[in-house]
Amino acid sequence: MHLVCIDCAARHPAEMRYSCERCGGILEVAEPARLARPLPGAGMWSADAALGVADPAAVATLGEGQTPLHRAPRLAAAVGASGPLWIKDETVNPSGSFKDRAVAAAVARARELGMAGIVCASSGNAGASAAAYAARAGLPAVIVVPTVTPAEKLTQIAAYGARLVRVDGHYSNAYRVGLELAARHGLANVTTTYLNPYGVDALKTVGHEIFDQLGGLVPDWVLVPTGAGPLVKGVVQGLRERTGGRSARLVAVQAEGCAPIVRAFRSGRREVEAWGTPTTFASGISDPLVGYERDGTHTLDLVIASRGLAVAVPDPAIRDAMALLARQEGVLAEPTGASSVAALAMLLADGRIARDATVVCLVTGHGFKDFKVWRDMPPAAEDRRLAAIPLPAAAGG
């Protein structure tokens with residue numbers, strides 16, 4: 001196993017490295033190690049994927065991965081799709097988001113390398129995941145978050161016993177502080193941009209599972225909520241590994257209030273520039289990419305290579321998609337998680353995705369991550385079928 005730069009192809013030892021020493025480029029895992037023995041029943045670790053860890057004792061699993069793929073006919077009808085629509089439900093991961101896949105692998109590799117603890121910059125979900133897996137592994141954890149992080153995510157991080165550091169401003173400020181803490185204290189940085197190559201590599205399991213769960217079918221489109229974009233890479237890499245090179249067409253979904261990748265895509269540029277101050281309630285994709293614009297450029301390259309799209313959706317459309325997911329299919333999502341459904345409705349309406357296409361929407365985070373949004377949600381209309389059912393009067397009149 002070794003690390004290789006995606007820009008200049010320089011090889012590096014499989015240590016805890018975060019960028020290419022030669023050109024500063026993104027590193028990825030090449031010829032990843034496999035566990036010396038399988039871990040039956042341990043989610044993504046029980047499959048045949050090589051995840052960059054050889055020692056089973058280093059894996060502190062909570063059962064991450066192997067999440068369900070739900071057929072969603074009622075949602076399909078609501079958004080105007082006539083073809084098969086599937087929901088890849090990452091909300092059922094142990095801490096409630098897809099981040100558990102990346103963090104579990106990054107923490108396992110840190111343990112294997114004998115590192116003293118971890119640090120993670122996060123808008124909330126990755127921090128909750130890092131705190132959970134650090135607790136499981138018996139490692140100290142420092143989580144750096146923007147002060148605007150939803151209270152529910154802060155509560156979850158604190159519950160696992162991690163040290164919480166709040167910084168003013170947007171996520172990129174937290175990212176910078178995380179880098180400084182990792183360098184100063186020798187902590188493994190498990191931040192879930194493209195920074196940690198072992199964590200990014202584990203996201204290929206999403207692509208593997210989609211292919212396997214569809215019985216060997218490659219969907220026409222996969223829609224992915226996107227900040228820096230390593231989940232886009234995970235879907236592409238996983239599908240290509242299963243098929244020998246084929247992939248679905250990818251849609252990188254961002255919020256209109258923070259859409260650096262979409263802005264570059266719309267303008268025809270191949271390099272992503274940092275965003276200004278984010279203005280969206282979808283905290284999980286509120287990443288302006290300040291100082292690590294290469295991440296966005298790599299994601300854009302992957303989208304273009306798949307003949308895909310990068311689209312931005314407004315917050316009201318995301319709110320509507322949250323309601324549709326919950327009321328039509330029983331999946332409770334936070335704003336970021338529902339952004340893929342909001343994008344699908346828009347792309348079906350304007351014809352950029354054919355109504356009979358086979359589509360997978362990734363729903364990346366659970367609704368309990370941001371209950372304030374749900375408390376402010378308009379109530380659902382009463383189901384007319386209840387009118388025929390005699391209901392008892394409420395207790396106490």
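In this predicted model, R109 touches M1, A14, M16, G52, V53 and Y198, with residues up to four places away in sequence left out of the count. R109 lies in helix α2, which spans residues 99-112. Its relative accessibility is 8%. The cut-off for a buried residue is under 20%, so R109 counts as buried.

The largest nonpolar core holds 51 residues. Within this core, V144, V222, V224, V235, V360 and L362 touch the most other members. Helix α5, residues 171-185, is the element that gives the most to the core, contributing 6 residues. The surroundings of V222 were examined beyond its neighbours within four places in sequence. V222 is there in contact with I210, V235, A248, R249, L250, V251, V360 and L362.

Six strands, in the order β4-β5-β13-β10-β11-β12, make up an open sheet. Pairing in this sheet is mixed. The edges are taken by β4 (69-71) and β12 (309-313). Each has a single partner strand, so one side of each is left without a neighbour in the sheet. From one strand to the next, the twist averages 25°.

How values were computed. Residues numbered from 1 in each chain as written. Predicted model: local features only at pLDDT ≥ 70, side-chain atom pairs only at ≥ 80, totals over all residues. Heavy atoms only, no water. Core = buried A, V, L, I, M, F, W, Y, C linked by side-chain atoms within 4.5 Å. Buried < 20%, exposed > 50% of the residue type's maximum accessible area, 1.4 Å probe, protein only. Helix = DSSP H or I, 4+ residues; strand = E, 2+ residues; numbered from the N terminus. Contact = heavy atoms within 4.5 Å. Pairing = 2+ DSSP bridges. Axes fitted to C-alpha atoms, helices over the stretch in contact; angles between N-to-C directions.
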